[in-house]
Amino acid sequence: MDRNKLSFEYVNTDFRYRSFWKDGKWDEGELLQDPYIKISESSTALHYGQQCFEGLKAYRTKCGDVQLFRPDQNAKRLNNSCDRIIAPHFPEDRFVSACCEVVKANEKSIPPYGQGAALYLRPYLIGMGHHLGVGPACEYLFGIFASPSGSYFKCGIKPVKFCVSKYDRAAHMGTGANKVGGNYAGGFIAHRDALAAGFADCIYLDSLTHTKIEEAGTANFFGITHDGTFVTPKSPSILPGVTKYSLMYIAENMLGMKVEERDCYIDEIDEFAEVATCGTAVVISPIGSIYYNGHLHVFHSETEVGPVTKKLYDTLTGIQFGEIEAPEDWIVKIL
C-alpha cells in the first residue's frame, strides 16, 4: 500500500467484524480475517434489495491518537434505514464498540497524520437466509470492513465541474432519506453520462417538479450566498448527512454564519457565490461550475476554492484530525 497514492478505492485489511441475527436476536459477533461472505442464493439482499449501509472514518491525530467522528450518528441513521426496509436494529452501543474493535485490529492500516487520509469504515446490514417470497428476511448479517482511503475525487480539494442530471435519484416519499443500495445503483447511469460529458458528477433535482436541487451525485449539496449565508436543500428525499449537519453546526456556532435549510431552486442557482458537496467520503468538494439548460453557471472560481468553503473545510478536518477542539460528544477516542 502506497499511502502517498491513496484514493477512494477498496484496500483489503486484516480484520472485519460480523454478527448474525437469527431467531429474534443478534449473536455476540466476532472479528474475522476472511473478506468473503457465504449467503443463500435466495437472500433478500440479492433479490429485493433488503440492505443498508453506512460510512465513517477513523483519523490519526497530530499527537498520534486515533479517533472516530460522531459514530453515534451513523448508528442512529443505520437503524432509521433498518426501519424503512423492515430489518432488525443493531444496538447503537454495539455499533460504536464494533467500529472501535475494527479500528484497533487494523491499526497498521490507519494512514499517518498529515496526509489528509483516514481509515474508512463501511458498516452494512443485509437480509439473508433461505427466502423466496417478497418480504423481510428471516436472518440478517451486520458487518464492518475497513479500508484506508484518500480523496474521493482525484483532484482533492479543488473545484470540479458538475452538470444537472435528467434522471431522478429517488422518488418522493421513497427511500431517498435512507442509506440503501438502490439509491446508488440507480445513479450509476447518471454518473457515467456525466463523466462521458466531461464532468466530475451530477446534480439531482426533486422528482416531483424537477425545479429544486436535492443532492449532488453521491453527497449532500450546500451553497454560500453572496451575503454569506450557508444554505442547504430541505426535502424528505435527501439523505440526512452527518457531515452536512456537522457543517451546519460549525457554520452557525463556530463561524458565526447564518444557516438555512430550505428549498434551493435550480433557476436561482446564481444566488450562490460558492457551491460544494459534502459527505464522509468527499469531505467537502467545491463545485466550480454547474452546467444547466445550456448555460454554464460559474461560482467563486473554476480553479480555486472559495474562502468560506475553505474555512469550513479547515474547521471540519481540524476537528476530525484533533487540531481543533470538538463540540461535546463528537469524538470517540480509540487509541
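# Cavities, cysteines and salt bridges

The structure contains zero disulfides, a disulfide being a pair of cysteine sulfur atoms within 2.5 Å. The model is predicted: local features need pLDDT of at least 70, side-chain atom pairs count only at pLDDT 80 or more, and totals for chains, interfaces and linings use all residues. Residues are numbered from 1 along each chain as its sequence is written, and side-chain values use heavy atoms, with hydrogens and water left out. A search of the whole structure gives 15 salt bridges, and two cavities of 30 Å³ or more are present.

- C99 is in no disulfide, and the nearest cysteine sulfur, that of C100, lies 6.9 Å away.
- With 0% relative accessibility, C99 counts as buried; buried means under 20% relative accessible area, exposed over 50%, and partly exposed in between (1.4 Å probe, protein chains only).
- For C202, the closest cysteine sulfur is in C163 at 5.7 Å, too far for a bond.
- C202 is also buried, at 1% relative accessibility.

**Salt bridges**

- A salt bridge is counted when a side-chain nitrogen of Lys or Arg is within 4 Å of a carboxyl oxygen of Asp or Glu.
- D14 pairs with K108 in a salt bridge whose closest N and O atoms are 3.1 Å apart.
- D14 lies in the segment before β1 (16-22) and K108 in the loop between α3 (92-105) and β7 (118-128), so this pair ties together parts that are 94 residues apart in sequence.
- Helices (H or I, at least four residues) and strands (E, at least two) are DSSP runs, numbered from the N terminus.
- D14 is partly exposed at 29% relative accessibility, while K108 is exposed at 60%.
- E54 and R77 form a salt bridge with an N to O distance of 2.7 Å, and both residues are buried.
- E54 sits in the loop between β4 (51-53) and β5, and R77 in helix α2 (residues 71-85), so the pair ties together parts that are 23 residues apart in sequence.
- D314 and K310 form a salt bridge at 2.8 Å, N to O.
- Both D314 and K310 belong to helix α7 (residues 307-320), four residues apart, about one turn of the helix.
- D314 has a relative accessible area of 34% and is partly exposed; K310, at 37%, is partly exposed.
- A network of salt bridges links K258, E260, R262 and E271.

**Largest cavity**

- On a 1 Å grid over the protein atoms alone, a cavity is a set of points where a 1.4 Å probe fits but cannot get out, and lining residues have an atom within 4 Å of a point.
- The largest cavity has a volume of about 80 Å³, a volume being the space filled by probe spheres set on the points, with grid points joined across faces, edges and corners.
- Its lining consists of G55, L56, K57, Y59, F69, N74, V242, T243, G279, T280, V283 and Q320.
- β5 (56-60) and α6 (242-254) are the elements that give two or more residues to this lining, and β5 has the largest share, three residues.
- By class, the lining of the largest cavity has five nonpolar, six polar and one charged residues; Ala, Val, Leu, Ile, Met, Phe, Trp, Tyr, Cys and Pro count as nonpolar, Asp, Glu, Lys and Arg as charged, and the others, Gly among them, as polar.

**Second largest cavity**

- The second largest cavity holds about 60 Å³ of space.
- Of its 13 lining residues, V275, P286, I287, H300 and G306 are the closest to the centre.
- β15 (272-279) and β16 (283-292) each supply at least two lining residues, with the largest share, three residues, coming from β16.

Note on methods. 1 Å grid on protein atoms, 1.4 Å probe; cavity = no way out; pocket = protein on both sides within 12 Å on 5 of 7 lines; lining within 4 Å.
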